[in-house]
Amino acid sequence: MDMATSYGEQAPVQDVEALLGAGLPEEAAQHLNLAASLYHKDDVALDHLRQAELIAPGHPAVLIGLYRFYFYKGRLAECLDVALVCLSEALHHNNLSEDWRQVQRGDADFSSYDMMPRFFLFVLKGYAYLQMRLGNLDEGLEAVMKLLDLDPTDKIGATLLLEVHQRSLQDEDE
């Protein structure tokens with residue numbers, strides 16, 4: 001199943017509070033809690049995450065749960081699929097271009113600590129990191145450079161990803 005397509009068909013979450021779990025149906029919240037408590041049982045935990053996804057598709061709390069599960073299990077390709085959905089949601093909720101490459105510094109107050117612009121920056125940072133870890137160094141570097149352009153004071157810590165990029169290049173040379 002293509003996650004970007006399936007999530008894109010859902011009604012977008014309208015409130016910033018949704019990022020913190022507002023509007024999540026109780027049954028979906030129960031599945032997320034069960035997934036967390038049964039994290040050590042991969043198949044069972046993932047089943048609960050998928051049940052939450054069926055109940056509340058596209059809800060940020062569910063997406064974050066899926067992202068974290070895949071990330072901490074080292075399933076980075078699947079994590080990247082979820083990151084792409086999160087990136088699309090972050091672009092949408094910030095009223096930004098559908099292509100993160102087209103986002104400009106003046107499109108939102110990226111220097112603030114407001115939740116939605118920071119959500120976009122954190123999602124883009126995760127996307128950059130995953131791309132690099134999966135060997136897509138050019139794509140990852142492009143996302144890091146966009147982060148540094150949007151956040152020149154580097155509140156988000158994108159310079160650390162430049163170090164990841166440099167280490168990856170060194171590893172290739174050796």
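What follows is a short chat about a predicted model of one protein.

Student: What is the fold made of, helices or strands?
Tutor: Helices. The protein has eight of them and zero strands. Along the sequence the pattern reads α-α-α-α-α-α-α-α.

Student: How confident is the predictor in the protein?
Tutor: The mean pLDDT is 87, and 87% of the residues reach 70 or more.

Student: Where is confidence lowest, and where is it highest?
Tutor: Lowest in helix 1, residues 3-8, with a mean of 38. Highest in helix 3, residues 42-55, at 97. Over residues 1-15 the pLDDT is below 50.

Student: How many contacts does that stretch have in the model?
Tutor: Residues 1-15 have 26 contacts beyond near neighbours in sequence.

Student: Switching to helix 4. Which residues does it cover, and how far does it reach?
Tutor: Helix 4 takes in residues 60-72, 13 residues in total. From first C-alpha to last it reaches 18 Å, close to the 18 Å expected at 1.5 Å a residue.

Student: Which residues in helix 4 are buried?
Tutor: Pro 60, Ala 61, Val 62, Leu 63, Gly 65, Leu 66, Tyr 67, Phe 69 and Tyr 70.

Student: What comes just after helix 4?
Tutor: Gly 74, with a positive phi of about 75°.

Student: Back to the whole protein. What share of it is buried?
Tutor: Buried residues make up 47% of the 174 residues. The protein exposes about 9,300 Å², and carbon and sulfur atoms supply 50% of that area.

Student: And what share of contacts comes from residues 24 or more positions apart?
Tutor: Those pairs account for 60% of the contacts with a separation of 6 or more.

Key:
Residues numbered from 1 in each chain as written. Predicted model: local features only at pLDDT ≥ 70, side-chain atom pairs only at ≥ 80, totals over all residues. Heavy atoms only, no water. Helix = DSSP H or I, 4+ residues; strand = E, 2+ residues; numbered from the N terminus. Buried < 20%, exposed > 50% of the residue type's maximum accessible area, 1.4 Å probe, protein only. Contact = heavy atoms within 4.5 Å. Areas by Shrake-Rupley, 256 points an atom, 1.4 Å probe, with all protein chains shown as cover. Expected span 1.5 Å × (residues − 1). pLDDT = per-residue confidence, 0-100.
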